[in-house]
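Hi everyone, thanks for making time this morning. Let me put the model up on the screen, and then I'll walk you through a few things in it.

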Amino acid sequence: MKTPKNTRTVTTGTNAEHARLHNRRVILEAIRQHARLTRADLTRLTSLTAQTISNIVTELQEEGLLLAHAAEKGGRGQPPVPLSLNPDGGYSIGFHIEQHRIIGVLLDLLGETVAQVTLTVSYPTFEQALPLILDNINGFRQQRPVGRFLGVGIALPGPFSVEGMTAVGPTAMSGWDDPAIPARLQQATGLPVLIENDATAATMGERLYGIASELNNFVHVFIGSGLGAGLYLDNRLYSGHWHNAGEIGHMSVIPGGKTCYCGNQGCLERYVSIAALLEHLGLPAEHDLGAWDSNDQALNASVDLWLDEAAPALRQAINILESVLDPQTILVSGFLPEAILTRLIRRLEPLNRSISSRANRPYPRIQMGAAGHDAVALGAAALMILAQICPDYEALLKPQ
């Protein structure tokens with residue numbers, strides 16, 4: 001997990017005994033942010049007493065979460081001993097489940113990828129995906145037979161539990177809206193389980209593994225079979241009251257436009273999504289754009305016609321997002337072939353004037369994401385690591 005430049009102070013601890021779990025997380029998060037710290041560093045950064053630091057550090061070392069390195073020479077007295085997170089101190093599993101593939105990743109405590117798997121599927125229901133998930137979890141566990149597993153994060157296309165939107169259209173994933181699914185998975189795996197929408201998980205993946213490591217306020221537009229956006233605001237993920245913040249696919253941007261499966265007209269997803277592109281090209285929903293031939297002139301001409309519709313719709317949505325959220329930048333990524341995504345972003349210029357139109361911008365208004373196609377699975381797994389070591393976890397995301 002790439003450590004971003006420190007843009008905020010470490011959360012301070014409390015010396016009250018009942019807050020021991022919080023203090024453990026404060027210490028782990030401080031070391032995660034700075035890579036290596038001594039006990040004296042931890043005392044200064046967290047406002048905990050030296051005795052509290054010593055007790056918790058000893059406990060974390062005994063549990064295998066912290067490593068002690070060679071003492072630093074110099075100065076008088078006992079030389080300080082740097083501490084770091086033990087990569088093998090814990091493992092997290094993340095899955096991105098979408099219409100045509102399941103991507104699974106295994107991360108160590110530093111967020112580094114230990115193993116990865118990609119499975120080809122076709123609109124799997126929960127019952128169809130469950131044995132695949134369990135089989136791969138067992139496979140990951142066999143690779144680290146003595147490892148401590150922190151949990152399983154699963155990312156899915158949203159929206160969740162919205163009548164008339166959740167299970168309609170070519171992007172719908174049926175059978176995943178049962179509120180008992182997290183409990184069933186937890187019972188089957190014996191591990192904590194977090195279910196998140198794919199755009200939000202991709203946003204955390206971009207924050208930790210992509211180009212957003214120094215950003216505190218950004219929107220991540222994620223183009224998959226459907227369309228969603230992750231919101232990272234004031235250095236935290238924002239998921240909304242019903243866990244559906246950023247579901248911009250059903251934002252009406254073209255008055256009187258194409259009829260959407262949700263019953264509205266002019267929804268953004270009907271213009272900007274892989275499903276919309278395949279429909280425009282006359283290709284079936286299960287067609288794999290990974291086989292895209294950028295030298296096919298006829299196909300390129302058809303894509304250009306699609307861009308004529310998609311770019312104005314996305315431009316309108318960007319104007320709305322900028323006006324409402326005032327982000328540092330908006331990232332665009334997803335499963336579109338990079339050549340098409342690049343052309344779409346170029347077609348957005350000139351952007352509509354908004355409150356983001358300013359000459360002294362340190363970041364462009366629009367950027368292409370850089371975390372890769374596994375960003376969703378990486379983000380889902382990383383959220384489980386942060387749930388264990390970050391004292392501000394609920395500020396990052398409210399778990400279901």
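This is a predicted model: local features need pLDDT of at least 70, side-chain atom pairs count only at pLDDT 80 or more; totals for chains, interfaces and linings use all residues.

There are zero disulfides in this structure, where a disulfide is a pair of cysteine sulfur atoms within 2.5 Å. Residues are numbered from 1 along each chain as its sequence is written, and side-chain values use heavy atoms, with hydrogens and water left out.

So which cysteine sulfur is closest to that of cysteine 260? It belongs to cysteine 262, but at 3.7 Å the sulfur is too far for a bond. Cysteine 260 is buried, at 6% relative accessibility, and cysteine 262 is buried too, with a relative accessible area of 19%. Buried here means under 20% relative accessible area, with a 1.4 Å probe and protein chains only.

On to the cores. In soluble globular proteins, nonpolar side chains tend to be buried together. By nonpolar core I mean a set of buried Ala, Val, Leu, Ile, Met, Phe, Trp, Tyr and Cys residues joined through side-chain atoms within 4.5 Å. The largest one has 49 residues, and Val221, Val272, Leu336 and Leu344 touch the most other members. Among the elements giving two or more residues to this core are strand S8 (218–223), helix H8 (297–325) and helix H9 (338–347). The top contributor is H8, with 10 residues. Helices here are DSSP runs of H or I with at least four residues, and strands are runs of E with at least two, numbered from the N terminus.

Take leucine 344: leaving aside neighbours within four places in sequence, its contacts (heavy atoms within 4.5 Å) are Ile223, Val272, Leu307, Ala310, Ala311, Leu314 and Leu336. Apart from this core lies another, of 40 residues, including Leu28 and Tyr209.

Last, the sheet. Five strands make an open sheet with mixed pairing, in the order S5-S4-S3-S6-S7; strands pair if DSSP finds at least two bridges between them. Strand S5 (113–120) and strand S7 (193–197) are at the edges with a single partner strand each, so one side of each has no neighbour in the sheet. S4 (residues 101–108) and S5 run antiparallel, joined by seven bridges, and arginine 101 sits opposite threonine 120 in S5. Helix H5 (residues 181–189) packs on the sheet, touching strand S6 (149–156) and S7.

Thanks, everyone!

Notes
Buried means under 20% relative accessible area, exposed over 50%, partly exposed in between (1.4 Å probe, protein chains only). Axes are lines fitted to C-alpha atoms, for helices over the stretch in contact, and angles run from 0 to 180 degrees between N-to-C directions.
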